[in-house]
Amino acid sequence: PIDQVSRVIAILGWSFPTFVFGLLMLLIFYAKLGWFEPGRLSPEYSQAVLSPEFTQYTRMMTVDSLLNLRLDIFFDALRHLVMPVVTLSVVISALLLKVTRSSMLEALGQDYVVTARSKGLHEKTVINRHVRRNALIPVVTIAGVTIAGLLNGVIVVEVIFNYPGIGSAAAAAALSLDVLTMLGYAMFVAILFVVANLVVDVLYGVLDPRVRLS
């Protein structure tokens, strides 16, 4: 039952376009329930941030609010992050769930698993020591690239929830033909993907000792 439920959740999550899921989040949790709202801060806290008493060190509201010892602004900033984070997490988690399930099923059919079971090993030992590590290799590959892509900024989510970030800044620079900004953005993206691939290569060696031997 757990496998069947997870498969249905993965299919539904991956089938939802990001902008559709984001609009549904706005409809339910903002328009109907009023729990969360778009933007970076509530209007009263936005005025507090612009006041001379508040120092913007990083222009990241969660960090700056802690540095200014304003826990009320910090929790308000976290509340405004809920819908964008959930929107991105559902779609990406569904993709990783699908890949993990397929990779686990493929690893369970390998000869070394049959051999381990024939030796009388407990099923939990077979899964944890033999199957899971090999099954995580494609998951780590996709996760590394996906996380690097997330850090670049997601334009659609930023626009839907009125939460300006790197993605919307790059889009505005492209529309205004700001070459220097686009070059900086391209350099930033390149560095992120290089670091992500480096981390993935290191994790390969941790998950599979054969990689280190080669």
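The protein chain of this predicted model has a mean pLDDT of 82, and 96% of its residues reach 70 or more. Confidence is lowest in helix H11 (residues 209-213), with a mean of 61, and highest in helix H4 (residues 61-67), with 88. Where pLDDT is low, the predicted coordinates should not be read in detail.

**Overall architecture**

The protein chain contains 11 helices and 0 strands. Its radius of gyration is 22 Å, well over the 17 Å that the globule rule gives for 214 residues, so the chain is more spread out than a compact globule. The C-alpha trace spans about 70 × 45 × 35 Å along its principal axes. Of contacts between residues at least 6 apart in sequence, 62% join residues at least 24 apart.

**Burial and surface**

Of the 214 residues, 29% count as buried. The chain exposes about 13500 Å², of which carbon and sulfur atoms supply 70%.

| Residue | Relative accessible area | Class |
|---|---|---|
| Ser103 | 8% | buried |
| Met187 | 53% | exposed |

Ser103 is found in helix H5 (residues 71-108). Leaving aside neighbours within four places in sequence, Ser103 is in contact with Asn134, Ala135 and Pro138. Met187, by contrast, counts as exposed because its relative accessibility of 53% lies over the 50% cut-off. Met187 belongs to helix H10 (residues 179-207). Together with Ile191, Val195, Leu198, Val199, Val202, Leu203 and Val206, Met187 makes a nonpolar surface patch of about 720 Å².

Notes
Residues are numbered from 1 along each chain as its sequence is written. This is a predicted model: local features need pLDDT of at least 70, side-chain atom pairs count only at pLDDT 80 or more; totals for chains, interfaces and linings use all residues. Side-chain values use heavy atoms; hydrogens and water are left out. Patches are made of residues with over 30% relative accessible area and no salt bridge: like charges are joined within 9 Å, nonpolar side chains (Val, Leu, Ile, Met, Phe, Trp, Tyr) within 5 Å. Accessible areas come from the Shrake-Rupley method with a 1.4 Å probe; for residues, only the protein chains shown count as cover. A salt bridge is a side-chain nitrogen of Lys or Arg within 4 Å of a carboxyl oxygen of Asp or Glu. Helices (H or I, at least four residues) and strands (E, at least two) are DSSP runs, numbered from the N terminus. Buried means under 20% relative accessible area, exposed over 50%, partly exposed in between (1.4 Å probe, protein chains only). Contact means heavy atoms within 4.5 Å. pLDDT is the predictor's confidence in each residue, from 0 to 100. The radius of gyration is taken over C-alpha atoms; the globule rule is 2.2 Å times the number of residues to the power 0.38.
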